[in-house]
Amino acid sequence: MRSLRQAPVLLEVRNLNTDFLTPGEAPAHALADINFTLREGEVLGIVGESGCGKTTLMLSLMRLLPANGRITSGKVNFMNTDLLSLSEREMGDVRWKNVAMIFQGAMNALNPVHTVGRQIAEAIIQHNYITDQKLVTDRVVELLELVGIGAERKDQYPHQYSGGMRQRAMIAMALACNPQVVIADEPTTALDVMIQAQILELLAKLRDKLGLSILFVTHDLGVVAEMCDTVLVMYGGVTAEYADVDTIFNTPQHPYTQELLRAFPDLTRPTEKLVSIPGYPPRLNALPPGCRFAPRCPHVFERCHGERPSLHPLNGRHFASCHLVESESTISPETSKFPGKSGEK
Amino acid sequence: MNQQQPIIEVKNLRKLFPVQKTTLWDKEEKFVHAVDDVSFVLHHGEVLALVGESGCGKSTLALTLMNLETPTEGQIFFEGKDVTHLSGKALQTMRRHIQMVFQDPYESLNPTMTIGDIVAEPLVVHRLAPNQQERDARVVQALEDAGLKPASNFMHRYPHELSGGQRQRVVIAGALVLEPKVLLADEPVSMLDVSIRAEILNLLASLRETRGISVLFITHDLGTVAYFADRIAVMYLGRIVELGETLAVLERPLHPYTKALLSVMPVPNPRLRRERIILQGETPNPINLPRGCRFHPRCPVAQPHCQETDPAWREIEPRHFAACHEV
């Protein structure tokens, strides 16, 4: 695995809180005290089920929340500037030039009435990255070739592209102004496995070639294991566990991470029984008073129902929010997904 | 599995969709080869997984089995009887025994009907339970078999009150209420969260055990298949390229397409990051099929003769079939 500990920190998120307001209802706490650090060249996986706040987190970072969303506290430091303190105009300069986004659902994110080349050019011109029209066209061609699309297809419309090519075009668009950080929100979810493999290969290549840092939002643990250096597991708007990828998959400490791994099909162990997590994720406007995972947790005890666990450091780079971890009676290894596998390569 | 008569047998099934001519002068008639010469059997109480990428024809195959599409050629046998061209009452009876579970539980339930009415509807359509009391009893039974217990909690609720997993259970209950012999499950878990998927897969597996239902499980995800299918059939461009028992296919894949597909399945263990065989490009257009073996343009081990002759379907090892010159 690549060592990233010396790489400079690009993005630092501290105690980020986001609420959604609905008239006549209590605010929904969509994000509570999210913390993470993203270094240059790092791929950080943000994993969780639908409704856990992954997309809200991404939109908060980009400050693109819908009108009823509010960031109530916290800091988003990008190279020593707090993005939350910038004016809307200054933020507009950061978007795409420093932090760009690959949106979910490539099928619908492109405008059907403009050519793909024109849409990429628009991203370049809109952010004043290049103004000379001739140079813009050169840049569009360069970007398309970077993502593996022949330059001759720049004048085609999105419907003439296949699903995988549209996703490539979306990636080209995100790279238009040469950003340092790319936020990829479920970039391969709607694609077939073979196309998914092509896109993942492309993202890994771009990371190496351009030194990109990637925030990779997904619900697919397999993709996380293949792609990411570090992983943040979210549940009901909070961080359940945050560690490097090997720790998350081989010595997870939070019961949610452990259960999620047991519920995830693994081709290399087809004879094992899949275990589902009973119950359903909490609704954000009716959160349980204690730990948000308590109603579904197999190791739940008295304290979990009354008191919310804080994110507890297990060592310098492994954090979990669980009372069991705090009390240091670490959860028995039988429940972990890879018992006795730690010695293997 | 067993030597008795299979519940479904498909022989040389072919389904072509005509393509609209683009100009007035287009002489040649063109077809999309959605299902092209497919043969297989589904045994009693068996789970057969049909795996392939989008556009490989797996859903068309399911629709043809349900007689929702008329096959262009070939035959379908249900319990030994030829049901390829049934119509009217006989068709309706046959359909009662083969039920479908659709992919999207958010869109396949009528939002204005209660759960009880949704599950009772098939009984009304098939005129199976004439009085209310009997109907209710069967609906309760189906809901509880689908894991919605106690059924009285759900009967009078509407789909929007239920979670995705519960909705998919309602869809399954709606299929079970007719006491079918075969379930055609078209991507039944792909819309659900990971933590919920396992319970739906386990439910389908238990139905096979308690009711002896055969399941044709259509999916693009080899990972979920591994857990409960008895056999796997891999489809590529309208044709089955490999078929065998689950473990045999997963551990000793024969066809290069299966090998590539297995190699790119993400494995949830960073210590097992491995060499992947990534096929470049996309599946060719099913209108103009490649000559010879239809996989040759993307095949990593293709030889010159692969461009000339279509490989025959052979039993390479006992009960493990593949169509490839190079195995």
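**Interfaces within and around chain B**

In this predicted model, domain 1 and domain 2 of chain B bury about 1400 Å² between them, 62% of it on carbon and sulfur atoms. R96(B), L203(B) and R211(B) supply 39% of the area that domain 1 of chain B buries against domain 2 of chain B, more than any other three residues. The contact involves 15 residues of domain 1 and 15 residues of domain 2. The C-alpha centres of these two domains of chain B lie 26 Å apart. By the domain assignment, domain 1 of chain B comprises 1-19 + 30-97 + 180-266 + 274-283, and domain 2 comprises 112-179.

Two salt bridges are counted between the domains of chain B. One joins the side chains of R211(B) and D145(B) at 2.4 Å, N to O. On the domain 1 side, α2 (88-97) and α6 of chain B each supply at least two residues. The largest share, seven residues, comes from α6(B). That side divides into ten nonpolar, one polar and four charged residues.

The interface of chain B with chain A was examined next. The two chains bury about 4300 Å² between them, 58% of it on carbon and sulfur atoms. Y227(B), P268(B) and R271(B) supply 20% of the area that chain B buries against chain A, more than any other three residues. In contact are 44 residues of chain B and 53 residues of chain A.

Two salt bridges cross the interface of chain B and chain A. R276(B) and E226(A) meet through their side chains in a salt bridge of 3.7 Å, N to O. Of the side of chain B that touches chain A, the largest share, eight residues, comes from α6(B). This side has 22 nonpolar, twelve polar and ten charged residues.

How values were computed
Residues are numbered from 1 along each chain as its sequence is written. Chains are lettered from A and ligands numbered from 1 in the order in which they are written. This is a predicted model: local features need pLDDT of at least 70, side-chain atom pairs count only at pLDDT 80 or more; totals for chains, interfaces and linings use all residues. Side-chain values use heavy atoms; hydrogens and water are left out. Contact means heavy atoms within 4.5 Å. Buried area is the accessible area (1.4 Å probe) that two parts lose on being put together, summed over both. A salt bridge is a side-chain nitrogen of Lys or Arg within 4 Å of a carboxyl oxygen of Asp or Glu. Helices (H or I, at least four residues) and strands (E, at least two) are DSSP runs, numbered from the N terminus. Ala, Val, Leu, Ile, Met, Phe, Trp, Tyr, Cys and Pro count as nonpolar, Asp, Glu, Lys and Arg as charged, and the others, Gly among them, as polar. Domain bounds come from an automatic or database domain assignment.
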